[in-house]
Amino acid sequence: MLSRLVLVSASALKSSGALGAGLVQASRSLHSSPQSLAPMPALPEKGGKVRHGIIPEELFQLLYPKTGVTGPYMLGTGLLLYLLSKEVYVVNHETFAAASIGIVIVYGIKKFGPDVAALADKLNEEKVAKAQEVKDVAMASLAQAIAEEKKEQWRAEGRQALFDAKRNNVANLLETNHRERVHLVTNEVKKRLDYQIALQHLARNHGKQSIAKCITDLKMLAKARQAKATA
Amino acid sequence: MADKPVPIAEKRLMDVKLGELTSWATTKDFSPNGIIAAIRRGHDRYYNKYINVKKGGIGGVAMLLTGYVLLSYVWEYDHIKHDRWRKYH
């Protein structure tokens with residue numbers, strides 16, 4: 001538990017050292033430069049095992065093949081008796097003080113340990129969540145930038161279609177213009193030709209009409225003359 | 001199995017045979033820089049094993065304090081000798 005608080009304060013002193021370094025390492029792994037330890041290995045879940053708070057588990061593992069489970073305890077008892085009997089450890093007033101302090105410390109740890117551990121865990125969680133949030137925001141904004149860039153590239157491709165449409169438009173205009181002029185030409189030519197035909201018709205009809213008129217006139221004259229002659 | 005022969009200087013302490021112990025010790029760097037580097041290595045090993053973990057326990061700090069208590073007793077023994085109950089053991 002105390003280790004967790006040490007870690008919290010040490011990390012705060014190192015300006016979120018391990019976490020910050022982890023973030024930097026993780027973002028560096030996005031580039032393709034050769035980096036060792038990319039991404040950064042996560043912190044181990046639990047520390048090395050320690051029995052009764054002060055004796056590392058390795059001692060027990062060391063003695064287990066030869067002496068079984070009770071080996072280290074027998075070793076401890078024998079050692080203690082030797083120290084006491086040879087007075088390598090002297091029993092004096094400090095022994096009493098140490099015993100009292102030891103009892104208080106052990107009682108405090110047993111009673112408040114889990115709560116302090118939960119508190120330290122919560123602080124760590126908050127730090128991790130904040131860093132994760134920053135990373136997520138950065139990733140989201142970068143992903144959005146990528147999507148927008150892709151859209152811009154797609155739009156640039158679309159400009160080709162735009163140019164084609166404009167070219168088609170211009171071709172259409174030219175074509176209509178050309179056809180208009182062709183129609184104009186044909187109409188004008190047709191008008192002139194019709195005029196000539198009408199002229200010819202008129203001339204022919206006029207001739208025919210005048211001859212017909214002459215004939216009717218002559219017939220009328222002849223009739224009148226005949227009528228006069230008989231009268 | 002005979003492994004490829006490793007030069008003595010690179011072996012770890014537990015792999016050194018008893019006969020090679022002195023020659024191994026002479027290859028070690030005892031300059032001030034070397035000593036500081038060794039202290040840093042030891043500190044990093046202890047720190048990364050017991051303290052720099054997600055759920056550390058009391059052991060990491062408690063072992064340091066216990067070591068401090070024992071070391072201070074050893075340094076004070078010449079003074080504590082005079083509180084002994086018996087003269088001859």
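Let's start with Asn92(A), which sits in the loop between α4 and α5 of chain A. This is a predicted model, by the way, so keep that in mind throughout. Is Asn92(A) buried or exposed? Its relative accessibility is 15%, and the cut-off for buried is under 20%, so Asn92(A) counts as buried. And what does Asn92(A) touch, once we leave aside its neighbours within four places in sequence? Two residues of the other chain: Ile80(B) and Asp83(B).

Now step back by one residue. Val91(A) is in that α4 to α5 loop as well. Here the relative accessibility is 36%, so Val91(A) goes down as partly exposed. Skipping neighbours within four places again, Val91(A) is in contact with Leu84(A) in its own chain and with Trp85(B) across the way.

Next, Thr95(A), and with that one we're in helix α5 of chain A. Thr95(A) has 19% relative accessibility, and because buried means under 20%, Thr95(A) still counts as buried. Its contacts beyond four places in sequence are Tyr89(A) and Val90(A). With Tyr89(A) there's also a polar contact, side chain to side chain, at 3.3 Å.

One more stop in this loop: Glu87(A), between α4 (71-85) and α5 (93-230).

His52(A) belongs to the loop between β1 (50-51) and β2 (55-56) of chain A. Buried or exposed, then? His52(A) is exposed, with a relative accessible area of 57%.

Okay, zooming out to chain A as a whole. How many helices and strands does chain A have? Five helices and two strands. Going from the N terminus, the order is α-α-β-β-α-α-α. Chain A has 231 residues, and 11% of them count as buried. If you take the contacts in chain A between residues at least 6 apart in sequence, 42% of them join residues at least 24 apart. The accessible surface of chain A is about 18,900 Å², and carbon and sulfur atoms account for 67% of that.

Over to chain B. What's the pattern there? Along the sequence you read α-α-α, with three helices and zero strands. Chain B has 89 residues, 18% of them buried by our count. It exposes about 7,400 Å², with 64% supplied by carbon and sulfur atoms.

There's a UniProt annotation to mention here. An unreviewed entry puts a "transmembrane region" at residues 56-75 of chain B. In the model, that span is 85% helix and 0% strand, and its end C-alpha atoms lie 30 Å apart.

Last topic, the place where the two chains meet. For chain A and chain B that's about 2,700 Å², with 56% of it on carbon and sulfur atoms. How many residues take part from each chain? From chain A it's 31 residues, and from chain B it's 25 residues.

On the polar side, there are 14 residue pairs in polar contact between the chains, counting pairs with both residues at pLDDT 80 or more. There are also three salt bridges between chain A and chain B. One of them joins the side chains of Asp121(A) and Lys55(B), with 3.1 Å from N to O.

And which elements of chain A give two or more residues to the side that touches chain B? Those are α1 (2-13) and α5. Of the elements on that side, α1(A) gives the most, with six residues.

To close, back to where we came in: Asn92(A) is a buried loop residue, and its contacts beyond four places in sequence are Ile80(B) and Asp83(B). That's all from me, so over to you for questions.

Note on methods:
Residues are numbered from 1 along each chain as its sequence is written. Chains are lettered from A and ligands numbered from 1 in the order in which they are written. This is a predicted model: local features need pLDDT of at least 70, side-chain atom pairs count only at pLDDT 80 or more; totals for chains, interfaces and linings use all residues. Side-chain values use heavy atoms; hydrogens and water are left out. Helices (H or I, at least four residues) and strands (E, at least two) are DSSP runs, numbered from the N terminus. Buried means under 20% relative accessible area, exposed over 50%, partly exposed in between (1.4 Å probe, protein chains only). Accessible areas come from the Shrake-Rupley method with a 1.4 Å probe; for residues, only the protein chains shown count as cover. UniProt positions are given in the numbering used here, feature names are shortened, and annotations may be inferred rather than shown by experiment. Contact means heavy atoms within 4.5 Å. Buried area is the accessible area (1.4 Å probe) that two parts lose on being put together, summed over both. A salt bridge is a side-chain nitrogen of Lys or Arg within 4 Å of a carboxyl oxygen of Asp or Glu. A polar contact is a pair of N or O atoms within 3.5 Å; within protein, one must be able to donate a hydrogen and the other to accept it, and residues adjacent in sequence count only if both atoms are side-chain atoms.
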